[in-house]
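Open the model in your viewer and keep the selection tool ready. The tour moves from one selection to the next.

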Amino acid sequence: MFWLVGAVLLLWLAQGPVVLVLAAALLAVPRIRWWVQDNLHVSRRVMAWTAGVVAALGLAAVVVPDGWLPIPPAPGAWAGPSYVGRPASPHPVAAEEVPANPHRSAGEPADRPGPLGLQPEVDTAWFGLERCGRLEQTTPGFLVALCAAGDSRTLRVVDPQTLRPVASQDLPDLREGSPCDGESLYLDDAERAVAPTGDREVLAVRTSREGEPDLGIDATWDLKPYVPYGDCLVSVAPDFSGRIWWASHAGLVGTIDPATGQVGVVDLGEEVGQEVAVDAGAAYVVTDEAVHRLVVGGDGTPQPTWRSEYDGVSGSAPVLLDRGTVAITDEVDDRLGVRFLARDDGRTVCRQSVFEKGEGATRSTLADLGAGVVVANDAGYASSRRSVLGFTAGAGVARVDLVDDGCAVTWTSDAVSPSSGAVISRPNGLIYAWAKRPSVTGVSAWYLTAIDADSGRRRWGVRAGTGLLAGSGRSSVVLGRDGSAYLGTRAGLVRVHDRR
């Protein structure tokens with residue numbers, strides 16, 4: 001009988017939950033159930049061996065350092081294709097030349113080439129139940145990851161090839177029940193990781209010392225005198241002069257002069273839930289009621305220059321585009337749309353609805369295509385429970401472009417990217433999404449999927465994980481300097497790269 005139990009377990013690992021369903025159905029047949037009951041016997045020796053193996057595996061998971069083991073796959077390893085489609089050829093996306101922010105060392109990931117699907121390889125690293133939702137890459141190539149486990153936050157420097165941490169720094173925990181996710185991060189011109197903390201401070205953490213990876217706090221700016229208890233920091237971003245912009249959930253927007261520590265603040269009186277966007281002349285903040293443009297006054301205090309109301313609640317941060325526009329999402333008559341605003345005066349240039357009425361929503365950042373954006377639909381995705389056992393949330397990825405007489409939907413794909421949005425590689429002309437394939441066998445398989453930016457056609461996809469641990473938990477795909485694509489899942493890091 002032991003061989004039969006082993007065979008069922010192997011089939012379950014290979015084909016997923018459908019095997020257990022079929023086994024339960026067979027046990028409902030009286031003759032089969034009686035036969036199993038008559039022959040079911042497991043010796044003490046077998047039980048001891050089984051308990052020993054389980055204990056050894058559990059001990060290894062606890063003792064082995066983070067990043068040294070792959071992310072455990074869920075049952076269903078053979079239930080779906082490991083690769084679909086065919087490799088793509090680069091076809092760059094045209095965009096206006098925009099001056100780079102001199103105080104962001106990581107540059108713009110959209111200007112990096114991503115994988116083309118040439119026999120792609122998938123590497124994973126298990127970090128327990130830590131989700132590294134924010135990734136940046138230093139000039140030498142090391143990844144800087146901001147990882148979360150409950151209310152705790154840890155900054156890590158990670159080897160880009162092995163995905164193993166080489167340095168770690170604990171950050172202050174978030175306040176229990178905090179409305180902020182504590183996952184804003186950027187690398188400044190000295191390659192320091194600048195991030196807000198749960199105790200209403202902004203830290204600048206060095207990422208190397210004498211050329212070797214290292215983490216240590218270089219500077220701290222305490223905002224508790226300006227941000228009251230119960231509020232929290234949503235975002236930090238540098239402007240072109242090096243001043244740090246920050247925003248709080250309650251609607252406080254301020255600046256920090258890193259050289260003097262001078263802080264200026266203005267109260268917008270509206271809740272903020274998204275990152276701040278900054279161009280050469282101003283900062284743009286989307287609240288739950290309007291989009292605001294602010295400039296720095298003579299004393300360092302932010303000065304609002306315009307306020308543009310919109311309908312519904314925007315689930316995306318403002319994205320700066322060509323033709324002097326900024327884009328957000330909104331909802332009108334229960335239908336998701338993309339609204340383009342003029343950066344100089346805040347007027348609405350145009351608005352274009354996407355997806356069907358009542359079937360569209362997003363909490364992901366828009367992908368910047370220069371004269372347009374790509375928006376991913378995550379309607380119905382309230383938590384990872386909505387994607388278990390092969391189920392999916394709202395489907396759809398759409399491209400919306402500015403045209404001569406307004407804006408229009410260029411294409412819509414049926415790809416399902418329920419929580420990660422989409423990112424663009426302008427040199428390759430590909431859009432990357434962490435997509436889920438529906439499965440009648442109950443297998444939750446996640447694929448890094450490449451979509452043609454011109455046509456919306458899915459070019460290729462590679463399976464990068466299965467089960468709840470492979471879900472992104474709203475992390476976004478990040479393109480590396482070497483052409484790899486990285487993503488922080490609910491249990492660690494994933495790297496996808498073309499075979500070399």
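## Stop 1

Select C350 first: C350 is buried, with a relative accessible area of 10%. Buried means under 20% relative accessible area, exposed means over 50%, and partly exposed is in between (1.4 Å probe, protein chains only). This is a predicted model, in which local features need pLDDT of at least 70, side-chain atom pairs count only at pLDDT 80 or more, and totals for chains, interfaces and linings use all residues. Residues are numbered from 1 along each chain as its sequence is written, and side-chain values use heavy atoms, with hydrogens and water left out.

C350 and C407 form a disulfide, with their sulfur atoms 2.3 Å apart. The cut-off for a disulfide is a pair of cysteine sulfur atoms within 2.5 Å. The torsion about the S-S bond of C350 and C407 is about 140 degrees, so this disulfide is right-handed. C350 sits in strand β22 (residues 348-353) and C407 in strand β26 (residues 406-413), so the pair ties together parts that are 57 residues apart in sequence. Strands (E, at least two residues) and helices (H or I, at least four) are DSSP runs, numbered from the N terminus.

## Stop 2: the other disulfides

How many disulfides does the structure hold? There are three.

Select C132 and C147. Their sulfur atoms are 2.0 Å apart in a disulfide. The S-S torsion of C132 and C147 is about 90 degrees, so this disulfide is right-handed. The pair links distant parts of the chain: C132 is in strand β3 (residues 131-137) and C147 in strand β4 (residues 143-149), 15 residues apart. Both C132 and C147 are buried.

Next, take C180 and C232. Here the sulfur atoms of the disulfide are 1.9 Å apart. The S-S torsion of C180 and C232 is about 80 degrees, so this disulfide is right-handed. C180 lies in the loop between β6 and β7 (186-187), and C232 in the loop between β10 (212-222) and β11 (233-238), so the pair ties together parts 52 residues apart in sequence. Both C180 and C232 are buried.

With the bonded cysteines numbered in sequence order, the pairing reads 1-2, 3-4, 5-6.

## Stop 3: salt bridges

A salt bridge is a side-chain nitrogen of Lys or Arg within 4 Å of a carboxyl oxygen of Asp or Glu. By this rule the count comes to 27 salt bridges.

Select E201 and K224. Their closest N and O atoms are 3.4 Å apart. E201 is in strand β9 (residues 201-209) and K224 in the loop between β10 and β11, 23 residues apart. E201 is buried at 16% relative accessible area. K224 is partly exposed at 33%.

Go to R351 and D330. This salt bridge is 2.8 Å, N to O. R351 lies in strand β22 and D330 in strand β20, so the pair ties together parts that are 21 residues apart in sequence. Is D330 buried or exposed? At 0% relative accessibility, D330 counts as buried. R351 is partly exposed, at 23%.

Then pick R474 and D378, a salt bridge of 3.2 Å, N to O. R474 lies in the loop between β30 (458-466) and β31 (478-479) and D378 in the loop between β24 (372-376) and β25 (397-403), so the pair ties together parts that are 96 residues apart in sequence. R474 is partly exposed at 26% relative accessible area. D378 is buried at 4%. For a network, select E270, E289, R307 and E309: salt bridges that share partners join them.

## Stop 4: positive phi

Most residues other than glycine have a negative phi.

Select L163, in the loop between β5 (152-158) and β6. Phi of L163 is positive, about 65 degrees, although L163 is not a glycine. L163 is buried, with a relative accessible area of 0%.

Select D334, in the loop between β20 (325-332) and β21 (335-342). Phi of D334 is also positive, near 65 degrees. D334 is partly exposed, at 48% relative accessible area.

## Stop 5

Last, select T260, in the loop between β13 (252-256) and β14 (263-267). T260 is exposed, with a relative accessible area of 58%. Draw a distance to A433: the C-alpha atoms of T260 and A433 are separated by 42 Å, and the residues are 173 apart along the chain.
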